[in-house]
Every structure is written in structure tokens, then in C-alpha cells.
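Subject: Structure handover

Hello,

I am passing on the structure we talked about. Please look it over first; my notes on what was found follow below.

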Amino acid sequence: TVTQEVKIGMKLDLPAGTHEDWMAAAGIAPSDYGYVNYIITRESHWNPLSQNTRSGAYGLCQALPGNKMASAGSDWQTNPITQLKWCNSYVYSHGYGSWFGAYRFWMEHHWW
């Protein structure tokens, strides 16, 4: 089954499977799924086309600018798995050290 999201001028065919399947395909450890789900739900409600109209932040984890995610794949604008790969890399390279660290930061600041 393929779910479709529609953004003005863009139709998106999402990969089959659950959010957990997407996280697994992105290389995220099952022990981190709860932290990832918490952050992504609050940042984008799992919509890979989500865009903050004020800041321009884009995608599942609201990368700013969104085109930073191109380092994870050329399909960064539409593929939630590519976006999650970038998010996972961001967590470890941005100083959070882990998804738990990112979650703790999010709980304190309501952003990350």
C-alpha cells in the first residue's frame, strides 16, 4: 500500500510500511524509535513535505535550510527515509550525542 500526500503542485508517493519501517530503513536503532517518534511527531507530524512558513525549515525533522538534507540523497525533498537518514546523522554530528540527547534538548527547549 502506498500513501499519498499532496502539497500544492506536488504529489508524493510515500514508501510502504510504518514509521518504524522507515526508521529501520534509515538505519535508526529500534531502541531510539520512541525518541525519534516524539521529535518527528512534534516537528512535522510525519509529513515529509512539511514546511515552516516563518523559518523555511523543511521535512520530517524541519532542517533549516531544507537543502542540507541533499547530503543524504538527491530525493531529500520527498523521501522520508532519506530525510530520516539525514536526521540521524544530524543527531550525532550536532552535539546531541544520541537520540535521547536530542529528546532531552527538545523537552527543555521545544525545538532542536
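Accessible areas here come from the Shrake-Rupley method with a 1.4 Å probe. On that basis the accessible surface of the chain is about 6,100 Å², and carbon and sulfur atoms hold 50% of it. Please keep in mind that this is a predicted model.

Overall fold. The chain contains 4 helices and 2 strands, in the order β-β-α-α-α-α from the N terminus. Its radius of gyration is 13 Å, close to the 13 Å that the globule rule gives for 112 residues, so the chain is as compact as a globular protein of that length. Along the principal axes, the C-alpha atoms fill a box of roughly 35 × 30 × 25 Å. Of the contacts with a separation of 6 or more, 39% are between residues 24 or more positions apart.

Interior. Of the 112 residues, 41% count as buried. The largest nonpolar core has 30 residues, and those with the most contacts inside it are Ile28, Val36, Trp46, Leu84, Trp99 and Trp112. At least two residues of this core come from each of α1 (19-25), α2 (33-44), α3 (80-93) and α4 (99-109). The helix that gives the most is α3, with 6 residues.

Trp46. Apart from neighbours within four places in sequence, Trp46 is in contact with His19, Trp22, Met23, Val36, Asn37, Ile40, Thr41, Leu60 and Leu84.

Charges. There are 7 positive and 8 negative side chains in the chain, and the centres of these two sets are 7 Å apart.

Regards

Methods. Residues are numbered from 1 along each chain as its sequence is written. This is a predicted model: local features need pLDDT of at least 70, side-chain atom pairs count only at pLDDT 80 or more; totals for chains, interfaces and linings use all residues. Side-chain values use heavy atoms; hydrogens and water are left out. The radius of gyration is taken over C-alpha atoms; the globule rule is 2.2 Å times the number of residues to the power 0.38. Buried means under 20% relative accessible area, exposed over 50%, partly exposed in between (1.4 Å probe, protein chains only). Contact means heavy atoms within 4.5 Å. Lys and Arg count as positive and Asp and Glu as negative; His and the chain ends are not counted. The place of a charge is taken as NZ of Lys, CZ of Arg, CG of Asp or CD of Glu. A nonpolar core is a set of buried Ala, Val, Leu, Ile, Met, Phe, Trp, Tyr and Cys residues joined through side-chain atoms within 4.5 Å.
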